[in-house]
Amino acid sequence: MKEYKNVTIFEHPLIRHKIAILRNKDTGTKDFRELVEEITALMTFECLKDVPTRKVMVATPLEKTEQTIVIENSVAVVPVLRAGLGMVNGVHRLFPTAKVGHIGMYRDEETLEPKEYYCKLPDGIEDKITIILDPMLATGGSACAAIELLKKRGCSDIRLMNIIAAPVGVETVAEKYPDVKVFIACMDRQLNEHGYILPGLGDAGDRLFGTK
Ligand code: PRP
Ligand code: URA
């Protein structure tokens, strides 16, 4: 795959280790959910490394010192329902004040086109770093639709966080939206004829919520 300036792919062994367990078909719902959360927290560390900060004075038991803290109302996350919900707590572990918007979308099983069924975004989201959360980036259709919604709403700093991606999905998003920073925990080989990622992990929503 071509290299894109706006795409970060994680090569960290701790993330790789967790993804290996996540993929295993014998990993149950509880462990799956915890792993998604942990991987998201590790990715958040990198994704928000340029979060705005401000200076404050802190009194230690010994003296006053100028310190740096993050600006708490500067971030929003937007999970794509359903599977993106599993990533929200992972961001909140590191950035508890992130506001949460929701975009409901499912892929039509025949056409693989995303169908939007819900959208509720926090007031003032256009002034925040906005991170779209979805564990899977397959054709890229859902991610592009979510980005379009946020752009229409006036968001200008949009980031996309996916745990597993197919090359075609990354290429689609990276080329269409060079201004969107994309964070991928692991790049997989290809899609199968039903639009599932190989080797992948199956249906992320079903595995998170135990629906199959
Ligand atoms: C999955 C996944 C993404 C989408 C990715 O959701 O969570 O939203 O597919 O595929 P794409 O890149 O080809 O658009 P799904 O439609 O299965 O809905 P669900 O989360 O409700 O199960
Ligand atoms: N959505 C999933 O949940 N899994 C895939 O492999 C592709 C899309």
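Tutor: Let's zoom in on Thr130, which is found in strand 8; strands here are DSSP runs of E with at least two residues, helices are runs of H or I with at least four, and both are numbered from the N terminus. Before going on: this is a predicted model, where local features need pLDDT of at least 70, side-chain atom pairs count only at pLDDT 80 or more, and totals for chains, interfaces and linings use all residues. Residues are numbered from 1 along each chain as its sequence is written, chains are lettered from A and ligands numbered from 1 in the order in which they are written, and side-chain values use heavy atoms, with hydrogens and water left out.

Back to Thr130: it counts as buried because its relative accessibility is 0%. (Buried means under 20% relative accessible area, exposed over 50%, partly exposed in between, with a 1.4 Å probe and protein chains only.) The Thr130 side chain reaches the backbone oxygen of Lys128 at 3.3 Å. That's a polar contact: a pair of N or O atoms within 3.5 Å, where within protein one must be able to donate a hydrogen and the other to accept it, and residues adjacent in sequence count only if both atoms are side-chain atoms. Leaving aside neighbours within four places in sequence, Thr130 is in contact (heavy atoms within 4.5 Å) with Ala76, Val78, Ile125, Leu150, Cys155, Asp157, Ile158 and Arg159.

Strand 8 (129-133) also turns up in the cover over helix 3: the elements covering that helix's buried residues include strand 8, helix 2 (29-47), strand 4 (75-81) and strand 10 (157-165). The buried residues of helix 3 (residues 85-94) are Gly86, Met87, Val88, Gly90 and Val91. In the loop between helix 3 and strand 5 you'll find Phe95, which is buried at a relative accessible area of 5%. Not counting residues up to four places away in sequence, Phe95 touches Leu48, Val51, Val70, Ile71, Glu72, Ser74 and Val75. Phe95 and Val70 are 25 residues apart in sequence, yet their C-alpha atoms are 9.1 Å apart.

Now for ligand 1. Of the 15 residues around it, Arg107, Asp134, Thr139, Gly140 and Ser142 come nearest, where a residue counts as near if one of its heavy atoms lies within 4 Å. Oxygen atoms of ligand 1 lie 2.5 Å from an N or O atom in the Ser142 side chain, 2.9 Å from a polar side-chain atom of Arg82, and 2.9 Å from a backbone N or O atom of Gly140. The protein covers 91% of the 500 Å² of accessible area that ligand 1 has on its own, by the Shrake-Rupley method with a 1.4 Å probe; for residues, only the protein chains shown count as cover. Strand 6 gives the most to the shell around ligand 1, with three residues.

Ligand 2 is surrounded by residues including Arg107, Met136, Tyr196 and Asp203. A backbone N or O atom of Ile197 lies 2.8 Å from an oxygen atom of ligand 2, and a polar backbone atom of Gly202 is 2.8 Å from a nitrogen atom of ligand 2. Here the protein covers 88% of the 240 Å² that ligand 2 has on its own.
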